[in-house]
Amino acid sequence: MTAIAFENVTLKLGARTIVSGVDLAIGAGEFVGLLGPNGAGKTTLLRAILGLLQPSAGAIRLFGAAPLKGDRRIGYMPQHRVAAATRSLTGWDYVASAAGGWRWGLPRLSAAERDEVGWALETVGAADLARRPLMALSGGERQRLLISQALLGRPKLLLLDEPLISLDPSRQQSTVDLVKRLQAEFGMTVLFSAHELNPLLGAMDRVLYLGNGHAMLGTVDEVVTGPSLSRLYGAPIEVLRLGRRLFVVSGDIEVEAGAHRHDACAHHDHAGHGAAEHHHA
Amino acid sequence: MLDYDFMRQAFAAGGIVAVLSGLVGYFLVLRGQTFAGHALSHVGFTGATGAILFGLSPLAGLVGFTVLAGIGMGLLGEKLSARDVAIGMMLSLALGLGLLFLHFYTAYATEATALLFGNVLAVGPSALLSLAVLSGLSLLALGLIARPLLFSSLQPELAEAKGVPLRTLSVAFLVIVGVAVAECAQIVGVLLVFTLMVGPAAAAQNCTSRFGLGLGLAALLALGEAWGGIILAWETDWPTSFWITCLSGIAYLGSLLVGWLARRGAGIVRPVPLVAQTSSSAE
């Protein structure tokens, strides 16, 4: 069964074309890595799947039907950012705000909703973390809370937008492993966006590469090769293999530089976005 | 002190307004929109002085202008967030216009002071009734939108994906803020709205990390500060608004200490830095 299908889809933000002519089919239960440099349209693609952005041409099918805003079958984790004023709240309050959060009235959870939040936190092993205020948690711990939040409502499709951003390499790996475990356990389809390939290599079934307004879906061996990526980007690209790691290089500039650079500093959450974008500018 | 009508009315008005301000202020702080509260009060000044000039009640002018401005700010939304200078200019213009209206209406100089710094002891029975009705309606509306408002305040992108109408919610909330600001201005004046709307809410968030507790504490602190201010004004014959700002300041400083002690108790040496959000909360 096909979970996500794009038929000749063009996505625009205002007058700017983000991607065009995208054809792809992602099967139910697949783990797909969504790769590409910042600004390639990863978030835009996810928003289109969520029904928040209508394609200006072509059609998107989700389990055979057009995407619907507020689809309960989708678990979504937006790109991480916590407003300063909300960081004094506990992890529990933060996660629980999403349980039935779209309903009108007072923010009081039913017994079933409380159980659901408890289950989601247990599932990712974050029950203890949830008792502490957000500002007392590390980036990786907060990321785990947000993943548990995406599990609320037991979704069939999990869309994760850059869960690895601003995490150090070991945290990145444990986050990928966690998502892989959840995917296997609940049979979910996973679309996991990242701007670095290597942490996902062991986990993903296929990779969806975005670049230069186009998209390419296939296995890592098919897509992450010099000729394929050169065709996608319309520029000479080389792929270097170093042990089990792959490096995508254009001329003498490493295309996926952002993630490596800010790995170096320990507390870089505050600089994560800026730094990554800067390197790609 | 409760033998006098004006004192009973002052306590009633102060109480009604404080509870509304505390609750609305909690969400305002949570959403990082405290600047909006500040801006609305300035616009309200123009409304109030205009109303006086045209022989209407200042409260009607205040509410009318703050609510309209709230709708405008809500509709413009994100477009406003990065425009501190434009907003600042608008605010100065609003205050300037208010000054002009006052200039044309020269009979009362005390009116200006009352608008700028409040005069809770002058709230009459009819104004009290207006405050009560407006408060009731605002609290009802806040109760209706509280759940999606909390969700979208914490995680706007996720809330949007779950079908929460962000724009509508933002406009509705800023209308409620407009009413709360107008009411607050009756007690502490347009210049000191911050003290009753933001002070207690910020203090509450420093003291507790639970949402429900924080909300209740914000309302309670605001109530204590308003009533405490009235009592101290009665005892000293100094202005009520002065005492309210004092109590609000003390409560805020106290909350910093409580928060620090709590963090130390929990073994958190210093807060882990979070992704900074660039928003209009440049306070």
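# A tour of chains A and B

Chain A has a mean pLDDT of 86, with 88% of its residues at 70 or more; pLDDT is the predictor's confidence in each residue, from 0 to 100. This is a predicted model, in which local features need pLDDT of at least 70 and side-chain atom pairs count only at pLDDT 80 or more, while totals for chains, interfaces and linings use all residues. Residues are numbered from 1 along each chain as its sequence is written, and chains are lettered from A and ligands numbered from 1 in the order in which they are written.

**Chain A as a whole**

Select chain A. It holds nine helices and twelve strands; helices (H or I, at least four residues) and strands (E, at least two) are DSSP runs, numbered from the N terminus. Of its 281 residues, 47% are buried. A residue is buried if 20 or more other C-beta atoms lie within 10 Å of its own, exposed if 12 or fewer, and partly exposed in between, with C-beta atoms placed from the backbone. Among the contacts in chain A with a separation of 6 or more, 62% are between residues 24 or more positions apart; two residues are in contact if their C-beta atoms, placed from the backbone, lie within 7 Å.

Next, select residues 257–281 of chain A. Here pLDDT stays under 50, and the model has 42 contacts beyond four places in sequence for this stretch. Where pLDDT is low, the predicted coordinates should not be read in detail.

**The three-stranded sheet**

Select strands S1, S2 and S4 of chain A. They form an open sheet in the order S2-S1-S4, with antiparallel pairing; two strands pair if DSSP finds at least two bridges between them. Strand S2 (16–27) and strand S4 (57–62) of chain A are the edges, each pairing on one side only. Neighbouring strands of this sheet are turned by 20° against each other on average, direction ignored.

Axes are lines fitted to C-alpha atoms, for helices over the stretch in contact, and angles run from 0 to 180 degrees between N-to-C directions. Strand S1 (residues 2–13) of chain A is joined to S2(A) by eight bridges, and the two run antiparallel.

**A covered strand**

Select strand S3 (residues 31–35) of chain A, where five of five residues are buried. In a regular strand the side chains alternate between the two faces of the sheet. In S3(A) both faces are covered, with Phe31(A), Gly33(A) and Leu35(A) buried on one side and Val32(A) and Leu34(A) on the other.

Show the partners of this strand as well. Five bridges link S3(A) to strand S7 (residues 189–194) of chain A in the parallel sense, and Phe31(A) stands opposite Val190(A) there. S3(A) also pairs with S8(A), again parallel, over four bridges; Gly33(A) is opposite Val207(A) in S8(A).

**Two loop residues with positive phi**

Go to Phe63(A), in the loop between S4 and strand S5 (74–77) of chain A. Its phi is near 50°, a positive value in a residue other than glycine. Phe63(A) is partly exposed, with 16 other C-beta atoms within 10 Å.

Then move to Asn212(A), in the loop between strand S8 (206–211) and strand S9 (214–218) of chain A. Asn212(A) is not a glycine either, yet has a positive phi of about 55°. Asn212(A) is partly exposed, with 15 other C-beta atoms within 10 Å.

**Helices of chain B**

Switch to chain B and select helix H1 (residues 5–30) and helix H7 (residues 125–154). Their axes are 10 Å apart at an angle of about 20°, and H1(B) and H7(B) are therefore roughly parallel (under 35 degrees). Residues of H1(B) that meet H7(B) include Ile16(B), Leu20(B) and Phe27(B), and those of H7(B) include Leu128(B), Leu139(B) and Leu149(B).

Select helix H11 (residues 199–207) of chain B next. Nine of its nine residues are buried, so the helix is largely enclosed by the rest of the structure. These buried residues pack against H1, helix H10 (193–197), helix H12 (211–236) and helix H13 (240–265) of chain B.

End on H12(B) and H13(B), which pack at about 135° with their axes 8 Å apart. H12(B) and H13(B) are therefore oblique to each other, the class for angles that are not under 35 degrees (roughly parallel), over 145 (roughly antiparallel) or 65 to 115 (roughly perpendicular).
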